[in-house]
Amino acid sequence: MDELVSAFAPDGTIELFGGSHTGRAAIAARLGSLIDPTAAGPDRVPLGFMRHNLTSCRIELRSGSDADAWTYFHVFTPLGHDHCGVYVDRFTKHGERWLISHRRIKIDWVHPGSLVIAPQDMPKR
């Protein structure tokens with residue numbers, strides 16, 4: 001998780017399921033609640049594994065220190081194809097590194113038996 005959140009700016013924000021979480025600690029806590037392979041709850045079972053497969057990515061430079069990106073993904077769990085969507089990112093240059101200053105996770109499809117996304121979090125059509 002530390003490696004994952006290090007891709008975000010210290011004051012970076014992630015938006016998912018209608019909520020917004022700012023700062024690396026808040027991002028780690030929110031994502032950790034989704035991906036803990038041993039976590040179980042009323043709407044979840046232990047995952048065992050989760051694999052994100054990134055597909056097409058489009059990057060548009062806005063300036064020498066800002067860029068927008070769209071990266072499509074598919075997630076697999078022991079269920080099989082669990083869900084898919086797109087990361088809509090804003091990157092900002094911090095020294096020599098490009099870090100995510102804002103990420104919106106847009107879910108396009110969820111398997112009805114998803115092991116990751118609870119029914120109340122499924123996208124509304």
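Guide: Let us start with a definition: buried means under 20% relative accessible area, exposed means over 50%, and partly exposed lies in between (1.4 Å probe, protein chains only). Lys 106, with a relative accessible area of 35%, is therefore partly exposed.

Visitor: What kind of model is this?

Guide: This is a predicted model, where local features need pLDDT of at least 70, side-chain atom pairs count only at pLDDT 80 or more, and totals for chains, interfaces and linings use all residues. Residues are numbered from 1 along each chain as its sequence is written, and side-chain values use heavy atoms, with hydrogens and water left out.

Visitor: Back to Lys 106. Which side chain does it meet in a salt bridge?

Guide: Lys 106 meets the side chain of Asp 108, at 2.5 Å from N to O. A salt bridge here is a side-chain nitrogen of Lys or Arg within 4 Å of a carboxyl oxygen of Asp or Glu. Asp 108 is partly exposed as well, with a relative accessible area of 26%.

Visitor: How many salt bridges does the structure hold?

Guide: Five. Among them is the pair of Arg 62 and Asp 68, with the closest N and O atoms 3.6 Å apart. Arg 90 also forms a salt bridge with Asp 68, and there the closest N and O atoms are 2.5 Å apart. Strands (E, at least two residues) and helices (H or I, at least four) are DSSP runs, numbered from the N terminus.

Visitor: Is Asp 68 buried or exposed?

Guide: Asp 68 counts as buried because its relative accessibility is 12%. Arg 90, at 29%, counts as partly exposed.

Visitor: New topic. What order do the strands of the sheet have?

Guide: The order is S2-S1-S6-S5-S4-S3, in an open sheet of six strands with mixed pairing. Two strands pair if DSSP finds at least two bridges between them. The edge strands are S2 (19-22) and S3 (51-61), and each pairs on one side only.

Visitor: What holds paired strands together in general?

Guide: Strands of a sheet pair through backbone hydrogen bonds, either parallel or antiparallel.

Visitor: And how many bridges join S4 to S5?

Guide: There are 12, and the two strands run antiparallel. A hairpin joins S4 to S5 through two residues. Across this pair, Phe 73 has Gly 85 in S5 as its bridge partner, and Ala 67 stands opposite Phe 91.

Visitor: What about S5 and S6?

Guide: S5 and S6 pair in the antiparallel sense, over 12 bridges. They form a hairpin with two residues between them, and Gly 95 in the turn has a positive phi of about 65°. His 94 stands opposite Arg 97 in S6.

Visitor: Which residues have the most contacts inside the largest nonpolar core?

Guide: They are Ile 14, Ile 27, Phe 73, Ile 105 and Ile 107, in a core of 19 residues. Strand S1 (8-16), helix H2 (24-35), strand S4 (66-77) and strand S6 (97-110) each supply at least two residues of this core. S6 gives the most, with four residues. A nonpolar core is a set of buried Ala, Val, Leu, Ile, Met, Phe, Trp, Tyr and Cys residues joined through side-chain atoms within 4.5 Å.

Visitor: What does Ile 27 touch?

Guide: Not counting residues up to four places away in sequence, Ile 27 touches Val 5, Phe 8, Gly 12, Thr 13, Ile 14 and His 21. Contact means heavy atoms within 4.5 Å.

Visitor: I also clicked on Thr 55. Where is it?

Guide: Thr 55 is in strand S3. Thr 55 is partly exposed, with a relative accessible area of 43%. Leaving out residues up to four places away in sequence, Thr 55 touches Tyr 72, Phe 73 and His 74.
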